[in-house]
Amino acid sequence: MNYRLLIDFEALEFLSGLKKSSQRLLQKRLRQIQDDPIACSDYMERDPSGRPLHVSIADAFAITYWEDFADRHVKVLEIARADR
């Protein structure tokens with residue numbers, strides 16, 4: 001697919017505070033999500049408005065995003081520790 005990856009600033013701040021090995025792992029997963037957002041989804045949640053949010057687990061981290069199919073964007077809302 002041909003999606004544009006858009007990442008929330010707080011998610012970028014979280015990512016930049018991690019060890020380089022964790023950053024590389026998450027960057028790889030973000031590229032995979034960009035290429036095929038549905039295939040990378042481990043489970044779904046809903047936001048307060050009812051929009052489906054995908055969650056992808058990468059090692060000890062959870063990436064929450066939604067696919068804006070009409071605009072061909074994947075919008076990453078949060079990157080956090082999966083055990084939070």
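The legends below describe close-up views of a predicted model. Residues are numbered from 1 along each chain as its sequence is written, and side-chain values use heavy atoms, with hydrogens and water left out. Because the model is predicted, local features need pLDDT of at least 70 and side-chain atom pairs count only at pLDDT 80 or more, while totals for chains, interfaces and linings use all residues.

**View A. The salt bridge between R51 and D47, with the ring of W66.**
The side chains of R51 and D47 meet in a salt bridge, with N and O 3.0 Å apart; the term stands for a side-chain nitrogen of Lys or Arg within 4 Å of a carboxyl oxygen of Asp or Glu. D47 is buried, at a relative accessible area of 14%, whereas R51 is partly exposed, at 33% (buried means under 20% relative accessible area, exposed over 50%, and partly exposed in between, with a 1.4 Å probe and protein chains only). The charged end of R51 also sits over the ring of W66, 4.1 Å from its centre, where a charge counts as over a ring if NZ of Lys or CZ of Arg is within 6 Å of the ring centre and within 35 degrees of the ring normal.

D68 is buried, with a relative accessible area of 11%, and K75 is partly exposed, with 21%. H73 is found in strand β5 (helices, H or I with at least four residues, and strands, E with at least two, are DSSP runs numbered from the N terminus). R72 lies over the face of Y3, at 4.3 Å from the ring centre.

**View C. The aromatic pair of F14 and F61.**
The count comes to one aromatic pair, under a rule by which rings of Phe, Tyr and Trp (its six-membered ring) pair if their centres lie within 6.5 Å, with planes under 30 degrees apart counted as stacked, over 60 as edge-to-face and the rest as tilted. The ring centres of F14 and F61 are 6.2 Å apart and the planes stand at 70°, so the pair is edge-to-face. This pair links distant parts of the chain, with F14 in helix α1 and F61 in strand β4, 47 residues apart. F14 is partly exposed, with a relative accessible area of 26%, while F61 is buried, with 2%.

**View D. The largest nonpolar core.**
A nonpolar core is a set of buried Ala, Val, Leu, Ile, Met, Phe, Trp, Tyr and Cys residues joined through side-chain atoms within 4.5 Å. The largest one has 15 residues, of which L26, L30, I33, I63, Y65, V76 and I79 touch the most other members. The elements that give two or more residues to this core are α1 (9-16), α2, β4 (61-68) and β5 (73-81). Not counting residues up to four places away in sequence, L26 touches L15, L18, A58, F61, I63 and I79.

Methods:
Contact means heavy atoms within 4.5 Å.
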